[in-house]
Amino acid sequence: MIAYTCKYAPAELFAGFGEEAVKLNPTAEHFEEADRLSHRNLCSYTRALLQSCREQQIDSLVLTTCCDSMRRIGDVLEAGGTSVFVLDLPRADGPCARKRYASELRRFLDAYMKAHGVSFDLQKCKASFQREPAAEPEPYFALLGARSNASLLQMLQQEMPLPVHDLTCVGSRELPVPPQTDNLDEFLDWYAGVLLGQMPCMRMTEVAQRRTLTEDPQLKGILYHTVKFCDFYGFEYAKLQQTARLPMLKLETDGTTGAEGQLRTRVQAFAEGFTPEKPHSRSAAAAKKRYTAGIDSGSTSTNVVILDSDRNIIGSSIVATGARAALGAHNALEQALRQAHLTREQLDEVVATGYGRAYIGAGGRDVTEITCHAKGAYFLDSSVRTIIDIGGQDSKAIRLDENGKVKTFVMNDKCAAGTGRFLEMMARVLELSMEEMSACGLHWKEEISISSMCTVFAESEVVSLVAQNKQTADIVHGLNNAVAAKAAALAARVDPQARFMMTGGVAANRGVVKAIEEKIGAPLLVLPEHQLCGALGAALIALEE
């Protein structure tokens with residue numbers, strides 16, 4: 001078995017040695033072995049590659065010189081006993097580049113035969129070239145950008161309403177049938193040409209051909225993947241944001257499995273934008289009184305709203321989620337049912353949303369909090385165009401169109417910086433209740449800047465400020481500004497337009513609300529139902545069912 005990582009690698013040559021070609025697109029549970037063998041300043045993909053090679057005991061690996069990190073990983077693996085061959089990849093596709101790469105392929109063949117004492121069978125190599133039959137044209141979504149692991153592609157196929165075609169740098173590898181020649185040098189000249197003539201990756205000098213990836217009339221939306229701390233595909237994404245006329249969602253991974261939950265939420269919210277909205281039937285409502293519930297299972301609180309068929313809120317509750325999301329949802333629903341004077345059996349439909357929506361066993365379907373907050377906010381005030389939602393675990397900025405549909409949205413990454421959890425931890429350090437913290441920062445005198453948004457480092461910073469006898473109001477004001485800066489930065493990424501609404505539990509914090517208003521230069525509408533907005537949207541969707 002020989003492993004490879006790049007679509008420019010000569011995978012078909014491996015068959016000429018009777019070896020299986022294995023494409024590596026690893027995702028690591030952790031980087032323990034990688035960090036032991038290399039420095040942490042390597043990119044997340046190469047660290048995941050190093051971890052995977054060690055765990056799977058890969059004994060032969062072919063790399064291309066696409067970046068310095070790949071060279072470094074080759075050095076580390078070779079020092080550890082792995083047979084590594086590094087191909088010097090030209091960054092162009094011209095006669096000189098093809099000639100140069102053909103000589104690299106010949107060098108690889110000679111080195112492999114010498115190292116393993118085997119011969120190369122050209123006929124076996126040529127027999128390995130396979131082309132899939134052309135499929136009938138059909139609407140689809142394209143996964144573009146940097147290499148994607150199998151689990152991400154599988155999740156996209158599950159969640160999106162249309163097929164997803166993998167057009168990433170390693171997913172679009174398709175070579176023509178080789179010529180009828182028995183001359184190895186002629187074959188290698190041809191092979192070098194077709195390898196370099198593939199759809200160029202963003203590391204190549206000339207990438208203009210990539211624009212055809214988004215020009216197919218059957219393409220209905222773009223899922224754009226980037227690798228954290230790797231800029232090549234970030235440049236293309238930025239350009240597509242300005243030029244593409246299709247819905248687009250950015251997905252960023254860091255080589256680990258830790259952010260799969262948030263990625264799925266983003267993908268589900270994007271997919272929900274392609275689901276036709278069902279009209280609210282007044283005649284059906286008049287024929288039979290109906291009741292629906294929306295359950296918003298958050299990391300800190302679980303919120304429930306019960307509606308009647310006239311879209312009146314007849315019951316609601318806000319209950320601490322606690323250690324078990326399902327129990328928190330049960331308690332919140334029971335409390336709202338008592339307020340509405342209903343039983344569980346009288347509910348016609350239940351929709352769950354929020355952080356734990358897939359795990360609470362509510363009995364109905366689940367919808368992402370992005371869609372639900374948009375639905376709830378627009379119901380409360382149809383003039384709202386930009387929503388800033390800060391909950392216990394994450395933050396979001398959502399842009400609505402004139403019909404209340406989600407136009408675009410962004411979320412924070414898997415770090416909880418700038419969320420309700422962050423503020424709770426800081427309140428604990430300052431020995432304040434959340435109510436006290438809400439008002440405390442309004443009466444500041446000294447401007448204090450909190451330099452770190454990491455909860456651990458910010459806690460140390462606050463402890464240091466307390467030791468310096470800084471006033472509590474000034475410290476809280478600094479924390480409010482730090483949270484506001486992060487929220488305003490999210491809002492700026494969705495082309496914000498007035499009118500603004502703030503939802504989520506942090507909307508109860510007057511200091512944070514005021515700080516965000518100063519950052520965005522516009523007032524924030526904060527309604528009494530701010531914490532129930534997601535549950536309200538879920539109940540409205542349930543009513544439309």
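Between which two helices does the loop that holds Glu431 lie? I began there, keeping in mind that this is a predicted model, and found Glu431 in the loop between helix H14, residues 420–430, and helix H15, residues 434–440.

**Entry on the peptide bonds.** I then noted a cis peptide bond that joins Ala498 and Arg499, with an omega of about 15°. When I looked up the place of Arg499, I found this residue in the loop between H17 and strand E16, the strand that covers 500–503.

**Entry on the largest pocket.** I went on to the open spaces and wrote down a volume of about 1,300 Å³ for the largest pocket. Its lining has 43 residues, and those closest to the centre of the pocket are Tyr237, Lys250, Phe409, Val410 and Arg493. I also looked up which elements supply at least two residues each to this lining, and they are helices H3 (44–56), H9 (232–243), H10 (260–272) and H17 (472–492), together with strands E8 (248–253) and E15 (406–411). By residue class, I recorded 22 nonpolar, eight polar and 13 charged residues in the lining of the largest pocket.

**Entry on the second largest pocket.** For the second largest pocket I noted about 1,000 Å³ of space. I found 30 residues lining this second pocket, and Glu132, Gly171, Ser172, Arg173 and Glu174 are the closest to its centre. Helix H1 (11–15) and strand E6 (164–166) are the elements that give two or more residues to the lining, and I recorded the largest share, three residues, as coming from H1. The lining of the second largest pocket divides into 13 nonpolar, six polar and 11 charged residues. Turning to the domains, I saw that this lining draws at least three residues from domain 1 (2–128) and at least three from domain 2 (140–182 + 191–273).

Terms used:
Residues are numbered from 1 along each chain as its sequence is written. This is a predicted model: local features need pLDDT of at least 70, side-chain atom pairs count only at pLDDT 80 or more; totals for chains, interfaces and linings use all residues. Side-chain values use heavy atoms; hydrogens and water are left out. On a 1 Å grid over the protein atoms alone, a cavity is a set of points where a 1.4 Å probe fits but cannot get out, and a pocket is an open set with protein on both sides within 12 Å along at least five of seven lines; lining residues have an atom within 4 Å of a point. Grid points are joined across faces, edges and corners, and a volume is the space filled by probe spheres set on the points. Helices (H or I, at least four residues) and strands (E, at least two) are DSSP runs, numbered from the N terminus. Ala, Val, Leu, Ile, Met, Phe, Trp, Tyr, Cys and Pro count as nonpolar, Asp, Glu, Lys and Arg as charged, and the others, Gly among them, as polar. Domain bounds come from an automatic or database domain assignment.
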